[in-house]
Amino acid sequence: MVRKISYLTLLLAFLFLSFFANTSQLAFAKGTDNVREACKVTRYQNLCMRSLAPFSNSAGRSPSKWARAGVSVTIGEAKNVQAYLSSFKRHEHLRGRNKVALLDCVETFADAIDDLHRSLNVLRRLSRSTFGTQMGDLNTWLSSALTNEDTCLDGFQGKSDKKIKSLQNKVRKVYYVTSNTLALVNKLATTGLGSISDP
């Protein structure tokens, strides 16, 4: 009798664990499908999927949530680079054009982050009645952020210098992430009205 109970207990535990594992795998697969589908419209799809994977389940198939997630991630990336630029400015003694380029970079990144914050504020209060205007503003601000990041990339000389190259790679990544976010916002502009309700 004891053996039967033990066997039954083990069998039930095994079935429960199997069910739990299958459910988790299905949820993970569904989340992966969500981010893959969202990132189809972006230019840098692998980067998009890596950077937005944590939002797979919460964003689902909602264009507005993916656009908001994209801007949030971009702000985080841009702030990391801004901190790196500030540290670079304090500890590296650049001369000539590279010194000017670094100062310009610090300024243009501050402007880019302002544009990104404006964009996030709009995405947090989307409305059917002002949707067209909001999409226009988002396009303007994200395009401006891209221009500022591109300006930062173009200013440096001596691209074979390891430190300059490292800096440019960090800036380039933010540029790519911003480009992806703009694509997600453009998708929202064409398909997102159905998922928006007035506050």
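Which residues does Leu-85 touch, not counting residues up to four places away in sequence? Select Leu-85 and you will find Leu-102, Cys-105, Val-106, Phe-109 and Leu-167 in contact with it, where contact means heavy atoms within 4.5 Å.

Before going on, note that this is a predicted model, in which local features need pLDDT of at least 70 and side-chain atom pairs count only at pLDDT 80 or more, while totals for chains, interfaces and linings use all residues. Residues are numbered from 1 along each chain as its sequence is written, and side-chain values use heavy atoms, with hydrogens and water left out.

**The whole chain**

Show the protein as a cartoon, and you will see seven helices and zero strands, where helices (H or I, at least four residues) and strands (E, at least two) are DSSP runs, numbered from the N terminus. Of the 199 residues, 38% count as buried, a word that stands for under 20% relative accessible area, with exposed over 50% and partly exposed in between (1.4 Å probe, protein chains only).

**The cores**

Next, select Leu-85, Phe-109, Leu-123, Phe-156, Leu-167, Val-171 and Leu-188, which touch the most other members of the largest nonpolar core, a set of 34 residues. A nonpolar core is a set of buried Ala, Val, Leu, Ile, Met, Phe, Trp, Tyr and Cys residues joined through side-chain atoms within 4.5 Å. The elements that give two or more residues to this core are α4 (63–91), α5 (96–123), α6 (131–154) and α7, and α5 gives the most, with ten residues. Apart from this core lies another, of 13 residues, among them Val-35, Leu-52, Trp-66 and Val-177.

**Where α2 meets α7**

Now select helix α2 (residues 45–52) together with α7, which pack at an angle of about 85° with their axes 10 Å apart; axes are lines fitted to C-alpha atoms, for helices over the stretch in contact, and angles run from 0 to 180 degrees between N-to-C directions. This angle makes α2 roughly perpendicular to α7, a label used for 65 to 115 degrees, whereas under 35 is roughly parallel, over 145 roughly antiparallel and the rest oblique.

**Thr-178**

Finally, stay in α7 (residues 162–191) and select Thr-178, which counts as buried because its relative accessibility is 0%. The side chain of Thr-178 reaches the backbone oxygen of Val-174 at 2.7 Å. Not counting residues up to four places away in sequence, Thr-178 touches Thr-74, Leu-142, Ala-145, Leu-146 and Glu-149.

Methods: A polar contact is a pair of N or O atoms within 3.5 Å; within protein, one must be able to donate a hydrogen and the other to accept it, and residues adjacent in sequence count only if both atoms are side-chain atoms.
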